[in-house]
Amino acid sequence: MPDQLLFAMEVTLNGLMAGVLYALVALGFVLIFKASGIFNYAQGVMALFAALTLVGIMDGQVPFAHLINAVFGTDIHHFGWHVPALLAIFLTMVVMVALAWAVQRFIFRHLVNQEPILLFMATIGLAFVMEGVGDIMWGADIKKLDVGLPQGINEWIDITTFEAFGYGFFIDNLDISATIVAIILVAALIAFSQYTKQGRALRAVADDHQAALSVGISLNFIWILVWSIAGFVALVAGIMWGAKSGVQFSLSLIALKALPVLMLGGFTSIPGAIIGGLIIGVGEKLFEFLIGPMVGGATENWFAYVLALLFLVFRPQGLFGEKIIERV
Amino acid sequence: MKLLSMTVAAVMAASPVMADLVFPSLSYRTGPYAANGIPFADGYEDYFTLLNERDGGIGGVPVRVIECETGYNAEKGIECYEATKGEGALVYQPLSTATTYQMIPKATADGIPVHSMGYGRTSAKNGAVFSNIFNYPANYWDGASHAINHILDVNGGDISGKKIALVYHNSAYGKEPIRTLEELSKKHGYELMPVAVDHPGQEQKSQWLQIRQQRPDYVLMWGWGVMNQVAIQEAANIRYNMENFIGIWWSGSENDVLPAGAGADGYKALTFHNIGRDYPLYDDLQKYVVDAGKAAGAGDQVGTVLYNRGMYAAMLAAEAAKTAQELSGNADITPAEMRAGMEALEMTEAKMAALGLPNFGPEFKVSCENHGGNGLGAVKQWDASAGEWSLITGYEASDQDVIGPLVEEDSAAFAAESGITPSC
């Protein structure tokens, strides 16, 4: 098989894996938008905040240590213990649920029935507040995140493809883990929304707020629930991306990778987020591989948006979004 | 009487208060590049705090550091410049190539010097054109040459036919070394393979697959922020030989290698100053600044690569201010006198040792024609098990036969487009 074809196959596989990582971020946006009509600008910062909290808990870091030391003249930084990854993930989820409650109680409860643009603005404010609080709480240094996920080339794929084609494909073990986690996550989300009372209530709210209220569903509870689930999705995305680059403030920029995925897959569809992620992942990687060298490279950031815009022109609601019907 | 009072008040309002020597710090403690901006800003401020606490300032005049947050954003950097220049700012250190580019015409018109230490517009080395811009002790083109010289050294002086990739931040900063590397490739016969990475560099799978497929013999990196950590992790993932992976000095801090753990072992980076905190000056920093509770940060960054660089930048600024005081006979110097002091700066080993920093940086001399110093640089290597950098070469010269004409060419173009008549 020609080298270029083999390389293209390797790039395509890696594009699919990258797409899964993008989809993980996009899922959080979809969940909140579907249930409340809010485009949550803070989703990327939620991933950062969750990852910071996870590392902080695992390392036994004292939250707000700088502030405490400055106010009380103390010199404390660590509790002196190390929390196992699974327990730390559970504790981080507790924090994310508390955050969901606080967001609902102190922000969105006061903005019910406001224009979508105001809700969007509120999430921009929330993003900056969370970034600042995350900084004061855990510090701005880069933290190594190790929850035991394997990283580096997958030997089996490398050897198998080498034996088959004479060229070993590179697939990162972390990307394989992310794919497995994403599959489990999506299956769990679908099962939750189909087979649990809360899940059905969530779907009812997503379909029609007023109707859901009229049958006794608590909007307050549902919104806390959906922000908590989005917090969990953010934590998963934060773990995967944080394991690649260390946990640092640029993690919040992964939201930029989710936007074209949402434009393509639709803002209201979980399968759309996954398929959109895969199309963007493969599209941008193949474009970079085939066209990048001719135009100086670094095409991925903008090409993802070109792809998304093309879909927008022909299908404004995205691949799986709800069809836009305006009645006059 | 009323008119006299108003006139005095107007004069006082118009005149900057000259009771301090003002050194603005255009820092970035927030945003995606904060992890690098914080230690540099801490080092910069802590050194001036030390001078105030231990020596009563510079030449008896207290130093005032005005910190302004830029978020590593060029527009904000310029806003900070405009907001602080009226305070009597003596020199600006933008810590951003993009900000430096925008600051060059403004600072030149305002008569305020800019020190872009190891970054910024490389051809600013030509002081006859860039009267107010300084980039000593080394610049990007020196760095490119240092990297190639090191590769030449480990290959017995012959790298013809080798393939050398440049993984670079797709920005003014990242593109700076390309021209030099192209010229050096003509001289040494290697093939240059530029690989661009878009801001911020969180996702680099395509670039490293390309490197895995093309198998370059060496990879150079011009990165900053998260781009560095991801690149080093991806290089480890594809099992690229870290001995053959060399970063510029902005891709060689602890922040860049620690997230990759053992995978980063053997990674090399360039530097124009020494590493660690085993210098007498650090005892004073601990005593007068950190232990006294006057540190800019938590004190946990002291001795890290970027803290040292910030401290070194402040030390060079302070030494230039001392030179300016000696030249002008004024303790309370003006920006113009500071500029003259920078232009007359000479850093000798004896002076560094007297400051408590023996062997910390190379000797260099600035002149009207040469605002870039001697361009010496060294190579350091990361030992992941020990968790520390170590210098593996001495400070060596860059290839001025190649760089000199490039500096001339680029600065001449700038002079032509800006209507500057070169003069010294």
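User: Which helix of chain B is Ala236(B) found in?
Analyst: In this predicted model, Ala236(B) belongs to helix H9 of chain B, which covers residues 226–237.

User: And is Ala236(B) buried or exposed?
Analyst: Ala236(B) is buried, because it has 25 C-beta neighbours inside 10 Å and the threshold for that class is 20 or more.

User: What is Ala236(B) in contact with, leaving aside its neighbours within four places in sequence?
Analyst: Its contacts are Ala260(B), Gly263(B) and Ala264(B) in chain B, together with Gly152(A) from chain A.

User: What separates the C-alpha atoms of Ala236(B) and Gly261(B)?
Analyst: These C-alpha atoms lie 9.6 Å from each other, while the two residues are 25 residues apart along the chain.

User: Changing topic: how many residues are in the largest nonpolar core?
Analyst: That core has 230 residues. Those with the most contacts inside it are Leu24(A), Ala26(A), Ala47(A), Ala51(A), Val226(A) and Val233(A).

User: Which helix gives the most to this core?
Analyst: Helix H10 of chain A, residues 219–245, gives the most, with 18 residues.

User: Which domains of chain B does this core draw at least three residues from?
Analyst: Domain 1 (8–138 + 276–374 + 406–418) and domain 2 (140–271) of chain B each supply at least three residues.

User: Back to Leu24(A): what does it touch, not counting residues up to four places away in sequence?
Analyst: Leu24(A) touches Ala178(A), Ala182(A), Val233(A), Val236(A), Ala237(A) and Met240(A).

User: One more helix, H12(A). Why is it largely enclosed by the rest of the structure?
Analyst: Of the 21 residues of H12(A), 18 are buried, so the helix is largely enclosed. Helix H12 of chain A runs over residues 270–290 and reaches 30 Å from its first C-alpha to its last, close to the 30 Å expected at 1.5 Å a residue.

Definitions and conventions:
Residues numbered from 1 in each chain as written. Chains lettered and ligands numbered in written order. Predicted model: local features only at pLDDT ≥ 70, side-chain atom pairs only at ≥ 80, totals over all residues. Core = buried A, V, L, I, M, F, W, Y, C linked by C-beta atoms within 7 Å. Buried ≥ 20, exposed ≤ 12 C-beta atoms within 10 Å, placed from the backbone. Helix = DSSP H or I, 4+ residues; strand = E, 2+ residues; numbered from the N terminus. Domains from an automatic or database assignment. Contact = placed C-beta atoms within 7 Å. Expected span 1.5 Å × (residues − 1).
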